[in-house]
Amino acid sequence: RSAGSYQEAKEDIQKVAPDLILLDIYLPDRNGFELLKQFKQNGHQDIPILLVSAFSNEEDKYKGLQLGATDFINKPIVVEDVKARVTVQLKIKNIFDDTKWACQKTNEGIKLLYKELDKKNKQLEQLDELKDDFINNVSHELRTPLAIIREESMLILVEIL
């Protein structure tokens, strides 16, 4: 897709986020740096932006890179150069996107594991309560017969002595 003005580019980007942007610094109706800045501030930090300019002064390059551009292409455009830079940036973006996706899936997996672990911990707490209740019941039930046996044994010992 292409846009002939700042407003057109801004509207187009809001509709569908592109995989990569080639942005001329000097647009007919505004400065390309403004679009770059707004684009990066509006949550599109993951999209590579290659600045293009016929005026290749170092200040523009540095300013663009500071605002979040990923590369700078001088005019007149050399097709092979642009293809190579676009290919590299798209490969980097794909790696980044894959890594981001893997991290999200890993985080989802970790959340599921934490839920399962929490469920198992609750089950263990219930089992621990059951064990305590069982021990208390057994000890209570054994105390009475043991007390009787002890008393009878004491009586027998008293009579023997």
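Predicted model: local features only at pLDDT ≥ 70, side-chain atom pairs only at ≥ 80, totals over all residues.
**Fold and overall shape**
- The protein has four helices and three strands, and from the N terminus on they follow the order α-β-α-β-α-β-α.
- The radius of gyration is 37 Å, well over the 15 Å that the globule rule gives for 161 residues, so the protein is more spread out than a compact globule.

**Contacts and surface**
- Among contacts with a separation of 6 or more, 54% are between residues 24 or more positions apart.
- The accessible surface comes to about 12200 Å², and carbon and sulfur atoms hold 58% of that area.

**The largest pocket**
- About 430 Å³ of space lies in the largest pocket.
- Its lining is made up of 17 residues, and R1, S2, A3, I21 and L22 lie nearest the centre.
- Two or more lining residues come from each of α1 (6-15), β1 (21-24) and α4 (79-160).
- With four residues, β1 gives the most to this lining.
- Sorted by class, the lining of the largest pocket has twelve nonpolar, three charged and two polar residues.

Notes:
Residues numbered from 1 in each chain as written. Heavy atoms only, no water. 1 Å grid on protein atoms, 1.4 Å probe; cavity = no way out; pocket = protein on both sides within 12 Å on 5 of 7 lines; lining within 4 Å. Points joined across faces, edges and corners; volume = space filled by probe spheres on them. Nonpolar A, V, L, I, M, F, W, Y, C, P; charged D, E, K, R; others polar. Rg over C-alpha atoms; globule rule 2.2 N^0.38 Å. Contact = heavy atoms within 4.5 Å. Areas by Shrake-Rupley, 256 points an atom, 1.4 Å probe, with all protein chains shown as cover.
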